[in-house]
Amino acid sequence: MQFEIKLISNSKLDTINLASYIAKFLSKGSLILLTGDLGAGKTTFTQGIAKGLGINENVISPTFNILKCYFHDPINLYHIDAYRLKDQDHNIGLEEFIEGDGVCVIEWPIYIKELIQPNTYLKVNLELILGDKRKITISSNCLSYKNLFEELNKKYV
Amino acid sequence: MYSLLLDSSNTKLAVGIAKDDILLDKIYYDAWQRQSEFMIQEINNILNRNKILPSQINEIIVTDGPGSYTGVRISLTIAKVVGVLNENVKIYLLSSLEILKDKNNLSICLMNARSNRSYVGIYKDNEVILNDCVLENQNIEKLIDKYTNISICGETEYLGLKSCKYDIFNNMLDIKKHKDPVKDVLKIKAVYLKD
């Protein structure tokens, strides 16, 4: 990856604040891939993104629904959990949200990888350390995130 | 004879009402991915404000794709349900690309299919020049260059192309005249060219 930064989050609130800060650098069509084990904090991270975009609605995991839409001016949030799409037909129109008019967050992107264009996303990996402590690795090949990584380096490293 | 016109195949929500093939009223606005929330209500609104009862609708003219996966299915499902419940209501299925055409000219109708692809159809008068299909965006301009004086129709900003003006409601009424109603309503199915 062209850009990469590793951070430690000590609490759920830390993770929400980080995601909320990152949200300021997102725009229509931004794509975030979230990876990490169950309970690593993917949904918590998405809650932070929502907060940063000014969305007050409660963000819940879309594991059952696959997709949840948060319509909000000026920018919508689309939250996809592809976990249940493992070995399934992927032709259900998700590309309209991935390449859409909002910010799209995808959990378990590995199960819909043919819908994701290379070098178009910000990747966030969450790793459980102990208790509420997480190692968060943020990376991207997208030049448009240069500024984000510079600011993250200033703020956190 | 009243016709209800429905389209939600792309970013717009379109509901129209016509009497004897003359458009009486229309509702048309941006509702990308939200047509399901508003469509039934708008059908109700347009009927009420024109003082038409649901039972007076003789036919539904509806698009069956290609286009937004969910969007196409919203209008189509409404039409199918009405058609199944009341066999006296005729259903006409139209291409969601053809309704974008410039009625007076050879037209290339385009819609964003994502992943650097487009839904494309070419129409002239009531003739199909190129059947609706999916093409790579990089091939679109070459295709346009093949024709002199062709109208570019649709929401083509994503291709950096300027679209001509089109009137989907009058197009729908016009195209319908050359179509037969669906014979078996239960067999109505969305056209999703990516399958």
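Predicted model: local features only at pLDDT ≥ 70, side-chain atom pairs only at ≥ 80, totals over all residues.
Biologist: Which residues touch the most other members of the largest nonpolar core?

Modeller: Start with the buried nonpolar residues that join up. Here the largest such core has 44 residues. B:L5, B:L6, B:I60, B:V62, B:A79 and B:M172 touch the most other members.

Biologist: Which helix gives this core its largest share?

Modeller: Helix α2 of chain B, residues 69–85, supplies six residues, the largest share. Domain 1 (2–96 + 168–187) and domain 2 (98–159) of chain B each give the core at least three residues.

Biologist: What is B:A79 in contact with, leaving aside neighbours within four places in sequence?

Modeller: B:A79 is in contact with B:L6, B:I60, B:V62 and B:I91. There is also a second, separate core of 37 residues. Among its members are A:L31, A:Y70, A:L122 and A:L148.

Biologist: Why does B:K194 count as partly exposed?

Modeller: Count the C-beta neighbours inside 10 Å. Buried needs 20 or more, and exposed means 12 or fewer. B:K194 has 14, so it counts as partly exposed. B:K194 lies in the segment after α4 (168–176) of chain B.

Biologist: Where are its contacts, leaving aside neighbours within four places in sequence?

Modeller: B:K194 is in contact with A:N91 and B:V134. Now take B:I144, 50 residues from B:K194 along the chain. Their C-alpha atoms are separated by 22 Å.

Biologist: How many residues does each chain bring to the contact?

Modeller: Chain A brings ten residues, and chain B brings ten residues. The chain A side divides into three nonpolar, three polar and four charged residues.

Conventions
Residues numbered from 1 in each chain as written. Chains lettered and ligands numbered in written order. Core = buried A, V, L, I, M, F, W, Y, C linked by C-beta atoms within 7 Å. Helix = DSSP H or I, 4+ residues; strand = E, 2+ residues; numbered from the N terminus. Domains from an automatic or database assignment. Contact = placed C-beta atoms within 7 Å. Nonpolar A, V, L, I, M, F, W, Y, C, P; charged D, E, K, R; others polar.
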